[in-house]
Amino acid sequence: MLLFARVPVAGVAWLRIVSAALVFALWRRPWRAFLAAARPAQATMLALGGVFAAMNYCFYRAIAELPLGTVAAIEFAGPVALALAGARSARNLAALVLTVGGVYLLMEVRFAGAQHAFAWAFANAVLFTLYIVLAHAVSRSDPATSPIDRLGAAMIVAGVVISPFGFRDAAPALFDPIALGAGIAVGVSSSVIPYVFDQLAMSRLPRSTYALFVALLPATAVIIGVVVLRQMPSALDMLGVLLVAAGVAFHRPPA
């Protein structure tokens, strides 16, 4: 969020996506996997690229005007719906209830702010749900190629899609070493590393199980805050972490 002081919202989204696309291009040369894939797999990669572009833009528009906890809580609604749709047992429904309760305690939600900012936040939630659905499909769409290569192809598509909307705002940052370095760091840490791990997880987990595991993110943030930033959590934070851990441990993937 500190990058907003130097680069407009659309420019931050462009820097994140394009820097990630360049990393994938140099690392994996993903166009080979795209060209080798069947038409349905190509269509899924194209769709995922469009969702990447729109989702990141909406996310940054939302957090530019709303607390991050509020945006994250709204974003979590989509994965909850996917997890609920795939629960299929009383045990998994109970696990979902525990997890949602824990996330609620961890998120300092404050529903106050501009209405248009909430529109961006809810649009981001819908797109994040689509990301889970499409990324899960991409992870299993073409056994002949690597899911990481297919992810890279989708990220390059996202870079093409976001460029007409974000390049003009990002252009000054190309001559600002601090802003450029921060943008590249955001791209690697937010759109390369986590999405690669997402693909590795999605190729092995049912979609509903992965959606539930998304709840680990706020709990992990609390733990990192303790270890790295020496931010001691409150009693409610600790209870939230325990509820999330219990929910994830209690969940069993459907047969």
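Visitor: Does Arg28 count as buried, partly exposed or exposed, and at what relative accessibility?

Guide: This is a predicted model, in which local features need pLDDT of at least 70, side-chain atom pairs count only at pLDDT 80 or more, and totals for chains, interfaces and linings use all residues. Residues are numbered from 1 along each chain as its sequence is written, and side-chain values use heavy atoms, with hydrogens and water left out. Buried means under 20% relative accessible area, exposed over 50%, and partly exposed in between (1.4 Å probe, protein chains only). Arg28 has 23% relative accessibility, so Arg28 counts as partly exposed.

Visitor: With which residue does Arg28 form a salt bridge?

Guide: Side chains of opposite charge can pair when their charged atoms come close. A salt bridge is a side-chain nitrogen of Lys or Arg within 4 Å of a carboxyl oxygen of Asp or Glu. Here Arg28 is bridged to Asp149, and their closest N and O atoms are 2.6 Å apart. Arg28 belongs to helix H1 and Asp149 to helix H8, so this pair ties together parts 121 residues apart in sequence. Helices are DSSP runs (H or I, at least four residues), numbered from the N terminus. Asp149 is buried, its relative accessible area being 14%.

Visitor: How many salt bridges does the rule give?

Guide: The count comes to two salt bridges. One of them joins Asp176 and Arg6, with the closest N and O atoms 2.8 Å apart. Asp176 lies in the loop between helix H8 (147–170) and helix H9 (177–202), while Arg6 lies in the segment before helix H1 (9–28), so the pair links parts that are 170 residues apart in sequence. Arg6 is partly exposed, at 47% relative accessibility.

Visitor: How many aromatic pairs does a search of the whole structure find?

Guide: Rings of Phe, Tyr and Trp (its six-membered ring) pair if their centres lie within 6.5 Å; planes under 30 degrees apart count as stacked, over 60 as edge-to-face and the rest as tilted. The search finds nine aromatic pairs. Among them, Tyr131 and Tyr195 have ring centres 5.2 Å apart and planes at 40 degrees, so this pair is tilted. Tyr131 is in helix H7 (residues 115–139) and Tyr195 in helix H9, so the pair connects parts 64 residues apart in sequence. Both Tyr131 and Tyr195 are buried.

Visitor: Which residues form one aromatic cluster with Tyr131 and Tyr195?

Guide: Phe52 and Phe128 form one aromatic cluster with Tyr131 and Tyr195.

Methods:
Helices (H or I, at least four residues) and strands (E, at least two) are DSSP runs, numbered from the N terminus.
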